[in-house]
Amino acid sequence: MDDTRIELLRRVCKESHTGFAPCGAVQTRNPKEAFARIATDLIDLNAYIDRQIAFERNHCGHILCGDTRSSCAIIGLALRLFKPSVVYEIGRYRGWSTSQMAFALKENFEETGDKTKFISIDPHHGAPGGPGWKGDQCGGDNEWNISRSNLIRAGIDDFVTPVKAFSGEYVSEVEDAIDFIFVDGDHTYEAAKADVALYGEKMAPGGICVLHDVWAEKDYSFENYGPSKVYGEAGPEWEKVGFTWDVGILRRK
Ligand SMILES: C[S@@+](CC[C@H](N)C(=O)[O-])C[C@H]1O[C@@H](n2cnc3c(N)ncnc32)[C@H](O)[C@@H]1O
């Protein structure tokens, strides 16, 4: 990714970040107001929000909070800017982020004719360490079926390969260098750290790693701090691009 695009991502993070706010506290925030302040002729982040809302209404039946919508939009934007060839997602649940990623990759395909390999990993087992993601909420075959049918009904199943597996087990199957990964699985510090380390080793130089639930860089006193701590402690093999109220973006050196 050339520096202009990294700079744009950095600016989006900086300007849409409003300081530390644990997930429950930001649910009433309207991401469209923040995104309107970042208007450039290059991007229309609010168009991504609208697409996410349409997916929730038409295909998913569940409504996201504003901060999660904005992170889905930022991930979609990054994929459009970067046009990666090999993309992974850890933690699909019912396919909110998965759909935004597949929509962006479909647009890349329509523009360039190149189809991205996109693998989305989830054992449908729950997300320890995450805010409110318990096994009984997002576990089992029912969730696998819901996530599959959401993607099919949205017409984007051709642009994603969902697999039912734990990230730690699946990593041995990864053959090609990863250009882009979204990490949103087990949110405990240990598990998020392992995901970034294991999959980070498989990343191409310049590859982008987006971590969900990064709310602060140095303050780990709050509940569900795991991904924030992983972002804050990222080693010299990573460049910190920035974090917003919901995602942290790292670039592999
Ligand atoms: C917060 S939800 C993901 C939300 C999803 N990204 C979205 O936007 O709809 C976390 C998901 O991670 C999955 N998960 C938990 N541990 C995992 C692991 N070790 N590998 C992959 N996925 C995992 C859970 O089953 C759950 O569906």
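Strand β7 (residues 247-252) is mostly covered, since five of its six residues are buried. A residue is called buried if 20 or more other C-beta atoms lie within 10 Å of its own, exposed if 12 or fewer do, and partly exposed in between, with C-beta atoms placed from the backbone. This is a predicted model, in which local features need pLDDT of at least 70 and side-chain atom pairs count only at pLDDT 80 or more, while totals for chains, interfaces and linings use all residues. Residues are numbered from 1 along each chain as its sequence is written.

Strand β7 is joined to β5 by five bridges, and the two run antiparallel; here Ile208 has Arg251 in β7 as its bridge partner. Five bridges also join β7 to strand β6 (residues 238-243), again in an antiparallel arrangement, and Phe243 is partnered by Gly248 in β7. Strands β6 and β7 form a hairpin with three residues between them. Two strands are said to pair if DSSP finds at least two bridges between them.

## The sheet as a whole

The chain contains ten helices and seven strands. Both are DSSP runs numbered from the N terminus: helices are H or I runs of at least four residues, and strands are E runs of at least two. An open sheet of seven strands has the order β3-β2-β1-β4-β5-β7-β6, with mixed pairing. Its edge strands are β3 (161-163) and β6, each of which pairs on one side only. From one strand to the next, the twist averages 15°. Angles run from 0 to 180 degrees between N-to-C directions, and axes are lines fitted to C-alpha atoms, for helices over the stretch in contact.

## Strand β1

Strand β1 (residues 86-90) is largely enclosed by the rest of the structure, because five of its five residues are buried. In a regular strand the side chains alternate between the two faces of the sheet. In β1, Val86, Tyr88 and Ile90 point one way, while Val87 and Glu89 point the other way.

Strand β1 runs parallel to strand β2 (residues 117-121), to which five bridges join it; Phe118 in β2 is the bridge partner of Val87. With helix α5 (residues 96-112), these two strands make a right-handed β-α-β unit. The term right-handed applies if, with the strands pointing away from the viewer, the path from the first strand over the helix to the second runs clockwise. Strand β1 also pairs in the parallel sense with strand β4 (residues 178-183), over four bridges, and Glu89 stands opposite Phe182 in β4. Phe182 in turn stands opposite Val210 in β5.

## Helix α9 against the sheet

Helix α9 (residues 189-200) lies across β1, β4, β5 and β7, running at about 160° to β5. Its buried residues are Ala191, Ala192, Asp195, Val196 and Tyr199. Seen down the axis of α9, these residues fall within an arc of 135°, so they line one face of the helix; the arc is that of the directions from the helix axis to the C-beta atoms. An α-helix has 3.6 residues a turn, so residues three or four places apart point the same way.

The buried residues of α9 pack against β1, α8 (167-170), β4, β5 (203-212) and α10 (226-232). Contact between two residues requires that their C-beta atoms, placed from the backbone, lie within 7 Å.
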